[in-house]
Amino acid sequence: MQKTLSVVNLSAIRSNALYVRSLIGKRFFYAVVKADAYGHGAEIVSRALEDVVDGFCVAIADEGAALRIGGITKPVLVLAPPLGKDDADKINFYGLQASVGDTHSAYLARECACHVAINTGMNRYGCCAEGLEEVLSVIPENALVGAYSHMYAAENAVESRRQLSAFKEALSRVRAHSPNALAHFSASGGILRGGDYLQDGVRCGLMLYGYAPAGFSAEGLKPALKVYARRAQRTVVTGGGVGYNIADKKYNRLCTYRLGYADGFMRGVPLGEKTLCMDAFISERDCELLPVMTDAQAYAERCGTISYEALCSVTRRSQIVYEW
């Protein structure tokens with residue numbers, strides 16, 4: 001097998017979900033499995049969690065359709081608004097829930113169950129306060145099942161309180177239209193803030209996979225993913241190069257591992273000697289399977305990025321094996 005090997009521990013993911021459940025009590029719990037469950041495999045992760053959570057969040061309609069085809073029956077919220085009739089038709093056909101944040105997306109999703117996304121400061125998706133009534137006027141009362149926003153700096157208490165206040169003001173207007181709309185404001189950072197940030201329920205992503213966002217502790221969470229590179233060759237060194245690099249020390253023997261930057265790892269962050277090639281890297285270490293990422297946070301810090309990006313990248317061209 002030439003692919004990298006990714007080992008996903010489903011028991012760790014369930015343990016993390018149960019830890020979140022202990023923090024939120026009986027509030028509804030959407031597991032965020034967008035981007036192939038942050039690289040862990042959306043359909044299998046969702047099946048492992050379906051008895052723990054109340055629903056799922058995906059980024060786009062195709063991801064939601066894949067969950068339905070994979071046997072998931074609980075609610076699935078598509079976080080990106082429909083951009084055209086094809087998106088709305090797919091959401092409707094597969095019984096997904098749409099996000100709407102302007103009159104265009106609300107009109108497209110008028111036959112779907114939907115959540116109104118409210119822009120409280122992130123300025124990504126969502127309806128601003130002054131346009132809320134116009135958006136609500138397009139949505140049938142019984143079609144609006146939820147209202148939500150998203151925190152842009154959950155580690156900042158002042159900004160978080162300001163956002164929550166703006167959300168609660170907008171929510172009162174949403175419920176004048178649809179009294180039973182469920183309110184959800186928090187992802188992982190808000191869950192760890194607790195209290196009023198939990199609202200009626202939460203959307204949890206990063207914590208499921210064993211990590212906490214910046215500014216919060218990951219205590220109680222278990223990383224679920226380990227990635228290994230397969231040894232492809234042992235090489236007696238000839239000449240003065242190490243991959244696309246001039247050697248700066250003497251080597252007698254090197255090993256080539258079948259993993260490179262096309263597999264989602266950063267070219268300039270050594271996993272062995274010097275930089276990665278597109279499809280391989282070189283190391284003095286000699287083993288059949290070389291662990292290259294056992295802690296996404298530690299690897300992300302070496303790369304100058306965040307654990308989210310590392311997790312979403314490193315299973316790009318990988319054989320995923322599941323264990324309990």
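How are α1 and α3 oriented to each other? They are oblique to each other, and the legends below take that pair and some other spots in turn. This is a predicted model, where local features need pLDDT of at least 70, side-chain atom pairs count only at pLDDT 80 or more, and totals for chains, interfaces and linings use all residues. Residues are numbered from 1 along each chain as its sequence is written, and side-chain values use heavy atoms, with hydrogens and water left out.

**View 1. The whole protein.** The protein has 11 helices and 14 strands; these are DSSP runs, with helices being H or I of at least four residues and strands E of at least two, numbered from the N terminus. Its C-alpha atoms fill a box of roughly 75 × 40 × 35 Å along the principal axes. Of the 324 residues, 50% count as buried (buried is under 20% relative accessible area, exposed is over 50%, partly exposed is in between, with a 1.4 Å probe and protein chains only). Take the contacts between residues at least 6 apart in sequence: 63% of them join residues at least 24 apart. Contact here means heavy atoms within 4.5 Å.

**View 2. Helix α1 against helix α3.** Two packed helices are described by the angle between their axes and the distance between the axes. For α1 (residues 10-24) and α3 (residues 42-49), the angle is about 55° and the axes are 10 Å apart. The axes are lines fitted to C-alpha atoms, for helices over the stretch in contact, and angles run from 0 to 180 degrees between N-to-C directions. Under 35 degrees counts as roughly parallel, over 145 as roughly antiparallel, 65 to 115 as roughly perpendicular, and the rest as oblique. On the α1 side you'll find Leu10, Ile13, Arg14 and Ala17, meeting Ile44, Val45, Ala48 and Leu49 of α3. That contact of α1 with α3 divides into seven nonpolar residues, no polar and one charged.

**View 3. Helix α4 alongside helix α5.** The axes of α4 (residues 61-69) and α5 (residues 85-93) come within 9 Å and cross at roughly 20°. That makes α4 roughly parallel to α5, and the crossing is left-handed. Ala61, Asp62 and Ala65 of α4 make the contact with Asp87, Lys90 and Ile91 of α5. The residues in the contact of α4 with α5 split into three nonpolar, no polar and three charged.

**View 4. Glu134 in helix α7.** Glu134 is found in α7 (residues 132-138) and counts as exposed, at 52% relative accessibility. Thr120 is 14 residues away along the chain, and the C-alpha atoms of Glu134 and Thr120 are separated by 17 Å.

View 5. Most residues other than glycine have a negative phi. Gln199, in the loop between α9 (188-193) and β9 (201-204), has a positive phi near 45°. Gln199 is buried, with a relative accessible area of 16%. Lys274, in the loop between β11 (253-257) and β12 (281-283), has a positive phi of about 65°. Lys274 counts as partly exposed, at 26% relative accessibility.

Methods. Nonpolar A, V, L, I, M, F, W, Y, C, P; charged D, E, K, R; others polar. Left-handed = near helix turned anticlockwise from the far one by under 90°.
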